[in-house]
Amino acid sequence: MRYHDEDYDDEPYVVIEKGGGNAGSFLIGLAIGAGVALLFAPDSGAETRRKIAREARRAKTAAQDAAEELADNVNDKYHHARQAVEERIDSARQAIELKKAQASEAIRAGREAAQQARDELERRIAETKAAYRAGADVAHRPRGAVGARPVVAGTETTDDDLDGSGV
């Protein structure tokens with residue numbers, strides 16, 4: 001703290017520090033400084049009023065500058081945060097679209113594989129039915145009929161042989 005001495009130029013001054021303070025602290029300091037300046041002012045009333053007006057203008061300008069700087073900082077931080085959020089949202093949307101496309105492709109491939117398996121099963125069933133019918137037709141034809149089973153001497157089969165029991 002400076003005390004009034006001979007080298008002091010009798011002009012009050014305002015010191016603005018950047019740091020942890022806020023606008024409220026600044027205004028309180030400004031009011032205290034103006035009050036102290038009035039108490040120690042050796043000038044006449046008119047001169048003191050001019051000095052007060054001049055210092056009030058300086059304080060107003062300093063307060064406006066500080067407010068503008070604070071507003072700019074807040075605005076910059078807001079835009080930066082908004083941009084970061086938008087980037088994350090875009091990234092999430094892209095990931096969702098990718099997963100959606102992958103799921104659609106997996107569903108399509110699964111349906112295709114299921115259809116192929118069904119077609120193969122139906123083909124095998126049709127072949128099995130055709131073979132069964134052909135075997136049943138051969139088994140039910142009378143001996144000696146056209147297209148009947150050939151009879152080879154000594155290898156005649158009986159109806160018991162056809163049922164698979166071997167008796």
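**Notes on the model**

1. Isoleucine 32 sits in helix H1, residues 23-39 (helices are DSSP runs of H or I with at least four residues, strands runs of E with at least two, numbered from the N terminus). This is a predicted model, where local features need pLDDT of at least 70, side-chain atom pairs count only at pLDDT 80 or more, and totals for chains, interfaces and linings use all residues. Residues are numbered from 1 along each chain as its sequence is written, and side-chain values use heavy atoms, with hydrogens and water left out.

2. Isoleucine 32 counts as exposed because its relative accessibility is 52% (buried is under 20% relative accessible area, exposed over 50%, partly exposed in between, with a 1.4 Å probe and protein chains only).

3. Helix H2 covers residues 45-140. Its 96 residues should span 142 Å at 1.5 Å a residue, and the end C-alpha atoms, 138 Å apart, agree with that (the expected span is 1.5 Å times one less than the number of residues).

4. Overall, the protein has 3 helices and 0 strands, in the order α-α-α along the sequence. Of its 167 residues, 4% count as buried.
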